[in-house]
Amino acid sequence: MNPAGWTRRQQIERGVSAAALVLVLVWPATGFSTYWAHAILTETFLFGIAAASLIFLSAYGGMVSLGQTALFGIAGVILGNLATKGGPGGTSKGLHLGWDPTVALVLAIVLTTAIGVLLGAVAARSAGIYFLMITLTYSVIATYTLGQVTKISGFSGIGGINRYTPGWIGNILDHPNRLYYIGLGVALGVYVLIRYVIRTPFGLALQGVRDDPVRMSSLGYNVALHRTLAFGFAAFVASLAGILYVWWSGQIAPGNVDLPQTIDLLVMAVIGGLVRIEGAWIGAFVFILMQNYITSSTHVPWLGFGGTLFGGSFNTIIGIIFLVIVLVSPDGLLGLWDRFLTPGGRIRWRRRRQAAATEPAGLTPAG
Amino acid sequence: MFVYVLFVATVPKTFGVGNWRTTNFGSAVQDPSSFLKIVLDSLTFAAALFIVASGFALIFGLMRIVNMAHGSFYLLAGYIAYEVQQGMTGQGFSLQSSEVNTWEWIVPLVVAAPCIAVVGFVVQQAFLRWNQGQELRQALITIAVSVIVADQIIAHFPRNTSEGQRFGGNAVDLTWPGWTDRFVDLHIGGVQYSLARLVMLGIGVAVGVGLWLWLYRTKTGMVIRAGVDDRQMTAALGINIQRTFAIAFVVGSALAALGAVVWASQSNISSGQDGQWLLNSLVVVIVGGMGSIFGAAAGAILFAFVSNFGASYLPTTGTDCCTQYSSILTFVLIALVLAFRPRGLFGRSA
Amino acid sequence: MRRPKLRSWKTAAVMVVASAAIAVWASGSMAASNAKVVKVAIMTDCKGAFAFGYDYDIGGAQGAFAQFAHGVTKSHAKPSAGMTGIRVGDTQIKIVGYGCGNDTVPLAITETKRLMEKLNADVEIGPLSGDEAVATANYAKAHPTKTFIIGTAGSQDPTMQIAPKNMFRYYGDGAQWNAGIGEIAYKKLGWRKAAIIMDDYSFGWTSAAGMIADFCAVGGDIVKRVFPPLNTTDYSSWVRQLPPPNQVDGYFSTVGGTGTSAMLKAFEQAYGKLDPKQWIGNLFFGFLGADKVVAPKLVGAYVGGFGNMPGVHTPRADAYRAFMSKLYPKLPNDDSFVYNYYVGAKALIQGLQKSGGAVGAKLQASLPRSLVSPFQISNGGVVKLDSRRQAIQDQYQLQLVKKPDGSVGPTVIAFIPNVDQSFGGLFKPTSPPPGRTQPPCQKVKTPWQGKIKAVVNGKVTNQVIK
């Protein structure tokens, strides 16, 4: 059966995705490795959402943003401050407003999106490396703010946030499967939403702005406005990831938004591939898998030297993997998949290499 | 946008207790000696920033490569210089200035800079030469290199120190030569200022002058400037642009090494500073405007002044505010500068 | 033509699912539990500022296992190679993993989850650093069946403000380590007005809180507090905020790790040579490499303690040191990173003996509320826990002296008995945790005021410091 004239690549992809989806849906019920369900897969869902916001901006907006981690953290901090209570039995830091968790949830999303729109407006006139730089500055400001403004966070951050989930979700500490399914649901929702947005007039205009801002502006489109709104949308997506994260780990601290974490999110997105949204979850999955199985030398004895590489640790290994991926396939794993699975892919890849060799100035994803 | 710097410096301040106008020091009019000292602190810090950032600016301006490994080169240079200095004086722990003579400071520099230059050369030839123009990819490659190098540094440095402190990227420091350990009487407002910091300023100025001479008075420099302006045309004119790229990358990395030796003597060197100094260089170069040495100098001065003046002159209401927020202020101002002048203060449109 | 295509992608999908399921089932089944085996995880840092603590902490904990639970170490050179054969009665103790944090909260959470959920540990000994311990305390509150014995973190919150019922600490916190140093400054150095410079983060504040509480209790006045942020590159503008040496009697410092030497260098460049009589630092002046970097400039300066007693010899302490030196010759035998994990593991062994191998709430009830600890002198060498499971521990204040071999190091000069976490009521569960203005300079008498005994030549005398 070949419905709607799918290509072979699309068939394989959709088949594998369907199978994976089924597997992921029934996982908790099978009882296989609850750690995989509650840690690895849940993390994949939520970090994938954050990476998707980055890939959305990069693939469809032409803007590589290092500020997604900051927005992720801001959402978590807002939720932490609004929802938690202080005093004995409560958490030790934060504003302890103790509002209704559903209200807090909605406010966290709304406020983060608003902040995203504001930050996007500030950054909208910049492109390429300058945009990267401004968003990096956001990340640094978020780290310092969360660390030093002790009324809202402080260095140990806010803890125990996962005790204050909305009533309609219930207690996720006793029922971690709920968070698993919520994460899965939100991830699917985000995926569908992004696929929808890029087909709307706004999305198409955004892609036009990505390809040729000058022409778009001469056609009467407000380039800065499109970029700002795109950044706001990405902030919305990142806020969802932030909220899922604080429900999963219970804590938000400056360590969640600092430079290494920002780089980690970029690594996840790049490993998956910066040009396709699916890459977000694939990249997140690969990264988290590595983080769990290669954290210290005793875990990888077969790498020799007692599991370390030239005396280094997990960071050396992930650095090398990252380097190899970027050298071999700038579009990440999905780029490799794309290239080798379709004859068209191979030709497109070769053409892209030729085009890249004569590319004019400007920071765009390869091809 | 120098207005920001001037604005901070001329806000009238009074000395009181606990309102938003009190600061740590009196205003420039009331307390000129403190003001002068802070100005000098900022200038000298700007010199150190300039040395490191100029290397980054050279690479970025000519090759449009955002060398995210610049901070790792800095860190590696600092540790290599430490090992050499310890090897020469043979003590295994921190030295008093009196124990270090000029030669024992110069030799670590002369050893560290070429080492880093070689590392830079290898990185450039192996990973960056063949994908010119793919800026994001090059940035990602240098990120990967920086992660690997930083991790290897933690695994192998410092070596020449006490047993419990070996490896792990622990903090160690270099020492200035003994003759810098005195104060110089500036004859203005009775201010005595540290000679070591003035030496640092001198080195920064020398680097600036040297770079200017190289870029504007030599043939290679001319090619570099042409390449910054229009890479494709320069290549089309038959000039060996690859050789020029390699030279620029090597010089840029060596400048990072010089900056590391200077600042490690002034302060210390430890793991984690690679990220710090990469960020410093990025901010200085972007704010000042890429591709121009003058831009790097301007960016360094702005950054140093805002940081130091923020730390010194932000209001101190009670004891919980606000000087510690100077870092936040610095970066907010940076973001604003970039928002209003996206190409940096002195950048030219590409 | 169509059929083969249909089969090919369906087959591929099925194979993917099958192989994934097998892989996960295989890894999942490795976590199957065994009756009468207690799983212990040791959480420490192997990256970041405290990376060197990895082998120290593991060595300390394993030292107790070797001494009291028949543990056999795999390598005398590297504790992290592992240990086997640990048993208490007929309960086997299995070390399921070593956590590798980097002094930040997110990695602490990820590692703790990995140890407690993936590897199914019943007990965690750790973590190492203050912020990690706050995060772990919040995690502990959500997982009451697991037991946590804090490794060597110095933050106050885990046992004061958060204080989960399944978290224990058998040594003093960061403020307790500095108990008495403020009084020594007042009485021995004659300081009346002092300024304090501290790292602008939780450990800096906690350590400073100990100094301030003591100094103000005796009548001293803190005239200025300066808090440079972590990762400050240029300390010059911060040291300039300190009053010049002729306007204060002295400076307290809790600037740590990577900033200590930078800050002191900046001070020298602003105000001239350091005067040891005007500087009191916290443990960062005497340990963690500072003895090589900072100490040579400050010979004779007093230094806040770390819970250990370099230079003091009691039979119990010497027996401990000899044992550790024999087991792990490469570890310093007087270091608190090692010691704090040692006493934690020792407590665990006693708890398991009493509970008969049971974990969970039974173990938490069985963990000792008083423990014989090598570096304790009061109460016959017994450290007692308070109502929030925090130790009341003797503290030792230090001075930097020149040793016979030319190096400079800390040695004990004062003994403060039975220091409790609340400092006599100054710190309460309802008071905010130590911060920039917390605690304020108040004259709240400490329980040990006027009772600090001088230590001369490694012997605790009966002479009280006046």
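How do the residues of the lining of the largest cavity divide into nonpolar, polar and charged? Keep that in mind as you open the model, which is predicted.

**Stop 1: chain C as a whole**

Select chain C. Colour it by secondary structure.

Chain C has an accessible surface of about 15,200 Å². Carbon and sulfur atoms hold 56% of that area. Of the 466 residues of chain C, 66% count as buried. Look at contacts next. Among those in chain C with a separation of 6 or more, 68% join residues 24 or more positions apart.

**Stop 2: the cavities**

Go inside. Rolling a probe the size of a water molecule over the atoms shows where empty space is left. The count comes to nine cavities of 30 Å³ or more. The largest cavity holds about 190 Å³ of space. To find this cavity, select C:F50, C:S129, C:G130, C:G154 and C:F203, which are the closest to its centre among the 19 residues that line it. Then show α4 (130–142) and α7 (202–218) of chain C, the elements that each give two or more residues to this lining.

Back to the opening question. The lining of the largest cavity has 11 nonpolar residues, six polar and two charged.

**Stop 3: two cis peptide bonds**

Select C:G126 and C:P127. The peptide bond from C:G126 to C:P127 is cis, with omega near 0 degrees. C:P127 sits in the loop between β6 (123–125) and α4 of chain C.

Move on to C:Q438 and C:P439. The bond between them is also cis, with omega near 5 degrees. Here C:P439 belongs to the loop between β17 (408–419) and β18 (453–456) of chain C.

**Stop 4: two positive phi angles**

Select C:D103. Its phi is near 70 degrees, a positive value in a residue other than glycine. You will find C:D103 in the loop between β5 (91–101) and α3 (105–118) of chain C. Is C:D103 buried or exposed? Its relative accessible area is 18%, which is under 20%, so C:D103 counts as buried.

Now select C:N457. This residue is not glycine either, and its phi is positive, near 55 degrees. C:N457 lies in the loop between β18 and β19 (459–464) of chain C. Is C:N457 buried or exposed? Its relative accessible area is 76%, which is over 50%, so C:N457 counts as exposed.

**Stop 5: a helix in chain A**

Switch to chain A and select helix α7 (residues 201–211). Its buried residues are A:G203, A:A205, A:L206, A:Q207, A:G208 and A:V209. What do they pack against? Show α2 (34–61), α6 (176–197), α8 (213–218) and α9 (223–249) of chain A, the partners of the buried residues of α7(A).

**Stop 6: chain B**

Finish with chain B. How many helices and strands does chain B have? There are 12 helices and two strands. Trace chain B from the N terminus: the elements run α-α-α-α-α-β-β-α-α-α-α-α-α-α. Of the 350 residues of chain B, 63% count as buried. Residues 24 or more positions apart make up 72% of the chain B contacts with a separation of 6 or more. Last, show the surface of chain B.

Note on methods:
Residues are numbered from 1 along each chain as its sequence is written. Chains are lettered from A and ligands numbered from 1 in the order in which they are written. This is a predicted model: local features need pLDDT of at least 70, side-chain atom pairs count only at pLDDT 80 or more; totals for chains, interfaces and linings use all residues. Side-chain values use heavy atoms; hydrogens and water are left out. On a 1 Å grid over the protein atoms alone, a cavity is a set of points where a 1.4 Å probe fits but cannot get out, and a pocket is an open set with protein on both sides within 12 Å along at least five of seven lines; lining residues have an atom within 4 Å of a point. Grid points are joined across faces, edges and corners, and a volume is the space filled by probe spheres set on the points. Helices (H or I, at least four residues) and strands (E, at least two) are DSSP runs, numbered from the N terminus. Ala, Val, Leu, Ile, Met, Phe, Trp, Tyr, Cys and Pro count as nonpolar, Asp, Glu, Lys and Arg as charged, and the others, Gly among them, as polar. Buried means under 20% relative accessible area, exposed over 50%, partly exposed in between (1.4 Å probe, protein chains only). Contact means heavy atoms within 4.5 Å. Accessible areas come from the Shrake-Rupley method with a 1.4 Å probe; for residues, only the protein chains shown count as cover.
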